[in-house]
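Please look over the structure below before reading the notes. They are arranged by topic for quick reference.

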Amino acid sequence: MSSKVYFSRTISPEKVLELYKLIDKKLPGKTAIKLHSGETGNQNFLKPEFWKPVIDYVGGTVVECNTAYEGTRNTTEKHWQTIREHGWSEYFTVDLMDAEGPDMELDIPNGKCIQKNYVGKNLTNYDSVLVLSHFKGHPMGGYGGALKQLSIGIASSYGKAYIHGAGKPEDIWTADHDSFLESMADAAASIVDYFKGNAIYVNVMKNMSVDCDCCAVAEDPCMKDIGILVSTDPVAIDQACLDLVYAATDDPGREHLLERIESRNGIHTVEAAAELGIGSREYELIEV
């Protein structure tokens with residue numbers, strides 16, 4: 001069964017909200033709004049002003065978790081400073097979900113590689129989730145979109161190392177690569193299951209560098225902006241973004257981004273997530 005993915009080639013804060021409203025779904029209770037706070041020095045992440053209309057409309061809480069690598073977001077104190085410097089707390093209520101331990105453990109009984117996911121304990125305060133993703137490349141995952149936000153993004157600092165290490169945090173940078181990708185899919189599945197489908201996903205194909213927003217020193221965007229996508233299916237929305245990159249045959253930066261995605265076997269995360277049953281790679285792209 002194919003999923004609906006709404007798509008617009010116009011990229012603006014107002015268009016994000018317009019597409020969001022096309023989703024015939026109400027996010028119940030308290031909504032966690034997961035986005036990327038942006039590593040200090042990164043020039044490509046999407047700023048608070050861009051997301052403000054949709055966040056104001058939904059009325060939820062912006063949530064983040066600490067990182068597992070050196071930088072300006074790997075401790076609670078430094079991450080809060082970065083959140084303030086980037087303007088998030090000026091506009092929104094922000095919850096750093098793993099600011100204090102212990103982590104919350106989610107079971108993944110059918111996981112391909114991991115059977116546990118460690119997330120910020122404050123996740124328990126929320127009934128639904130809006131995942132706001134900046135689609136671009138990634139040094140390890142090949143690409144970053146909705147599935148990465150669900151997995152690495154919502155994992156605690158320890159949880160991030162656990163996923164990267166495919167269940168062995170000490171192997172954070174040395175684990176079998178496909179096992180890491182499958183662990184991301186496992187972790188994403190645990191979040192989808194936790195919220196029981198009370199989730200909406202937005203992917204924005206803008207400022208598409210081969211590097212993630214977690215990189216303090218990132219390459220400038222290599223492709224032209226493509227558009228905004230919104231769906232209730234995290235697998236379909238990521239698959240649609242990848243297909244749009246492949247379809248951009250007249251873009252001179254396409255091959256550079258595809259080299260990053262393909263050399264890291266990025267599609268495997270989508271394949272694994274689909275096999276876990278949290279979404280469909282078959283979709284109907286509805287251009288608005």
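The points that follow cover the cores, pockets, aromatic pairs and a few individual residues and helices.

The model is predicted. The largest nonpolar core has 49 residues, and a second, separate core has 29.

**Nonpolar cores**

- Leu123, Met205 and Leu229 touch the most other members of the largest core.
- Helix 8, residues 234-247, gives the largest share of this core, with eight residues.
- The second, separate core includes Tyr6, Val16, Leu27 and Trp51.
- Leaving out residues up to four places away in sequence, leucine 123 touches Met97, Met104, Leu106, Ile154, Ile191, Tyr194 and Phe195.
- In soluble globular proteins, nonpolar side chains tend to be buried together.

**Leucine 244**

- Leucine 244 lies in helix 8.
- With a relative accessible area of 12%, leucine 244 counts as buried because this value is under the 20% cut-off.
- Beyond its neighbours within four places in sequence, leucine 244 is in contact with Phe7, Met205, Ile226, Leu229 and Leu285.
- Leucine 244 and methionine 205 are 39 residues apart in sequence, and their C-alpha atoms are 9.4 Å apart in space.

**Largest pocket**

- The lining of the largest pocket has 22 residues, and Tyr69, His138, Lys148, Ile152 and Cys214 are the ones that lie nearest its centre.
- Helix 5 (146-153), helix 6 (157-164) and helix 7 (177-194) are the elements that give two or more residues to this lining.
- Helix 5 gives the most, with four residues.
- By class, the lining of the largest pocket divides into 11 nonpolar, six polar and five charged residues.

**Second largest pocket**

- The lining of the second largest pocket includes Met1, Ser2, Ser3, Lys4 and Tyr6.
- The classes in the lining of the second largest pocket are four nonpolar, four polar and four charged residues.

**Helix 6**

- Helix 6 is largely enclosed by the rest of the structure because six of its eight residues are buried.
- The buried residues of helix 6 are Gly159, Lys160, Ala161, Tyr162, Ile163 and His164.
- These buried residues pack against strand 6 (116-119), helix 5 and helix 7.
- Alanine 166 follows helix 6 and has a positive phi, near 50°.

**Aromatic pairs**

- The structure holds nine aromatic pairs.
- One of them joins tyrosine 20 and tyrosine 57 edge-to-face, at 6.0 Å centre to centre and with 75° between the planes.
- This pair links distant parts of the chain, 37 residues apart, with tyrosine 20 in helix 1 (residues 13-22) and tyrosine 57 in helix 2 (residues 48-58).
- Tyrosine 20 is buried, with a relative accessible area of 6%, whereas tyrosine 57 is partly exposed, with a relative accessible area of 49%.
- Trp88, Tyr91 and Phe92 are linked into a cluster by ring pairs.

**Aspartate 225**

- Aspartate 225 is found in the loop between strand 10 (199-205) and strand 11 (227-231).
- Aspartate 225 has a relative accessible area of 38% and is partly exposed.
- Not counting residues up to four places away in sequence, aspartate 225 touches Ile11, Met205, Lys206, Asn207 and Met208.
- Aspartate 225 and alanine 175 are 50 residues apart along the chain, and 33 Å separates their C-alpha atoms.

**Threonine 269**

- Threonine 269 is found in helix 10, residues 267-275.
- The relative accessible area of threonine 269 is 2%, and the residue is therefore buried, the cut-off being under 20%.
- Apart from its neighbours within four places in sequence, threonine 269 is in contact with Leu147, Leu181, Met184 and Ala185.

How values were computed
Residues are numbered from 1 along each chain as its sequence is written. This is a predicted model: local features need pLDDT of at least 70, side-chain atom pairs count only at pLDDT 80 or more; totals for chains, interfaces and linings use all residues. Side-chain values use heavy atoms; hydrogens and water are left out. A nonpolar core is a set of buried Ala, Val, Leu, Ile, Met, Phe, Trp, Tyr and Cys residues joined through side-chain atoms within 4.5 Å. Buried means under 20% relative accessible area, exposed over 50%, partly exposed in between (1.4 Å probe, protein chains only). Contact means heavy atoms within 4.5 Å. On a 1 Å grid over the protein atoms alone, a cavity is a set of points where a 1.4 Å probe fits but cannot get out, and a pocket is an open set with protein on both sides within 12 Å along at least five of seven lines; lining residues have an atom within 4 Å of a point. Ala, Val, Leu, Ile, Met, Phe, Trp, Tyr, Cys and Pro count as nonpolar, Asp, Glu, Lys and Arg as charged, and the others, Gly among them, as polar. Rings of Phe, Tyr and Trp (its six-membered ring) pair if their centres lie within 6.5 Å; planes under 30 degrees apart count as stacked, over 60 as edge-to-face and the rest as tilted.
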